[in-house]
Amino acid sequence: MSFVDIPALKKGEVNLGTSIMAVQFDGGVVIGADSRTTTGSYIANRVTDKLTHVHDRIYCCRSGSAADTQAVADIVHYYLQMHAQTTGDLPAVHTAASLFNKMCYENKDQLLAGIIVAGWDKDVGPSVYNIPVGGGLFRQPWAIGGSGSTYVYGYCDATYQEGWGRDETVNFVKNTLALAMSRDGSSGGVIRMCVITEDGVERLFVPGNQVPTFWEGREVLGSTRMAPGKKLVDDAMVVEA
């Protein structure tokens, strides 16, 4: 076979996987995502920005269909701009999350969109809302989403602590995304993060060669060794001399 039959690798499947998360801390929130966009087994874009600005101190992380989530985010951005002009005040994070939820739920048969909304407002302070595929609005201290999230729920449960400051939260987001990217074939590339506080938005970037690395296994079946009185020993079989 002289060519790679791409459709045969994942027949009938369009994989739009990702790894996204948001974590609340005292004074703000940290949101982060990987940068890989896939179509089946093909990496369509390795430096995608999945952190989308919807208002001054409100961002969303997008997972699912790129076209669907971009369209929904654009519409919510328009509504929030109109809301700010009409009321003369900045919109609340809950208002933005409710708009996302309304659109995702009422169009759940046509959309494939999982959204995490996070930001800061003067009434509540920092807050994180999770809107899974199909709709539903859940406020949480931290939220993860996308195909890579299934690999790191245990790590998040075991590691997250209330009362963290900015630096601990940034490190937690960076390590969680790195672990998800190392296991999930649909996640990868670089890590993009935003720190959102009352003072504004700070963008953080971790290039691919600086993404944290952890234990990634070793070859077992191919390893062989000699033992006294034996001809050949590998990890699966012992042959008597």
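Analyst: Two strands count as paired if DSSP finds at least two bridges between them. With that in place, a hairpin of three residues joins β7 to β8. The model discussed here is predicted.

User: How many helices and strands does the protein have, and what percentage of the residues is buried?

Analyst: The protein has five helices and 15 strands. Among contacts with a separation of 6 or more, 58% link residues 24 or more positions apart. Of the 241 residues, the buried ones make up 44%.

User: In what order do the strands of the open sheet run, and which strands stand at the edges?

Analyst: Five strands form this open sheet, with antiparallel pairing, in the order β5-β6-β7-β8-β9. Two of these strands have a single partner strand each, so one side of each is left without a neighbour in the sheet. The edge strands are β5 and β9 (138-139).

User: How many bridges join β7 to β8, and what is the bridge partner of Trp120?

Analyst: Strand β8 covers residues 125-131 and runs antiparallel to β7, with seven bridges between them. Gly119 has Ser127 as its bridge partner in β8. For Trp120, the partner in β8 is Pro126.

User: How many residues of β6 are buried?

Analyst: Burial below 20% relative accessible area is the criterion here. By that criterion β6 is largely enclosed by the rest of the structure, because its buried residues number seven of the seven.

User: What is the distance between the end C-alpha atoms of α2, and what span should its 22 residues have?

Analyst: Helix α2 comprises residues 66-87, and at 1.5 Å a residue it should span 32 Å.

User: Which residues of α2 are buried, and which elements do they pack against?

Analyst: The buried residues of α2 are Asp68, Thr69, Val72, Ala73, Val76, Leu80 and Ala84. They cover an arc of only 125 degrees around the axis, which puts them on the same side of α2. On the other side, Ala67, Asp74, Gln85 and Thr86 are exposed. The buried residues pack against β5 (51-55), β6 (58-64), α3 (93-106) and β7 (113-121).

User: Which residue just after α2 takes a positive phi?

Analyst: The phi angle in question is about 75 degrees. The residue that takes it, just after α2, is Gly88.

User: Which element supplies the largest share of the largest nonpolar core?

Analyst: The largest nonpolar core has 24 residues, and those with the most contacts inside it include Met21, Phe172 and Met193. Elements that each supply at least two residues of this core include β1 (20-25), β11 (191-197) and β12 (200-206). The largest share, eight residues, comes from α5.

User: Is Thr48 buried or exposed?

Analyst: Thr48 lies in the loop between β4 (42-45) and β5. Its contacts, beyond residues up to four places away in sequence, are Asp34, Ser35, Thr37 and Arg192. At 13% relative accessibility, Thr48 counts as buried.

User: How far apart in space are Gly163 and Phe25?

Analyst: Gly163 is found in the loop between α4 (153-159) and α5, and is exposed with a relative accessible area of 75%. Gly163 and Phe25 are 138 residues apart in sequence. In space, C-alpha to C-alpha, they are 6.7 Å apart.

Technical notes
Residues are numbered from 1 along each chain as its sequence is written. This is a predicted model: local features need pLDDT of at least 70, side-chain atom pairs count only at pLDDT 80 or more; totals for chains, interfaces and linings use all residues. Side-chain values use heavy atoms; hydrogens and water are left out. Helices (H or I, at least four residues) and strands (E, at least two) are DSSP runs, numbered from the N terminus. The expected span of a helix is 1.5 Å times one less than its number of residues. Buried means under 20% relative accessible area, exposed over 50%, partly exposed in between (1.4 Å probe, protein chains only). The arc is that of the directions from the helix axis to the C-beta atoms. Contact means heavy atoms within 4.5 Å. A nonpolar core is a set of buried Ala, Val, Leu, Ile, Met, Phe, Trp, Tyr and Cys residues joined through side-chain atoms within 4.5 Å.
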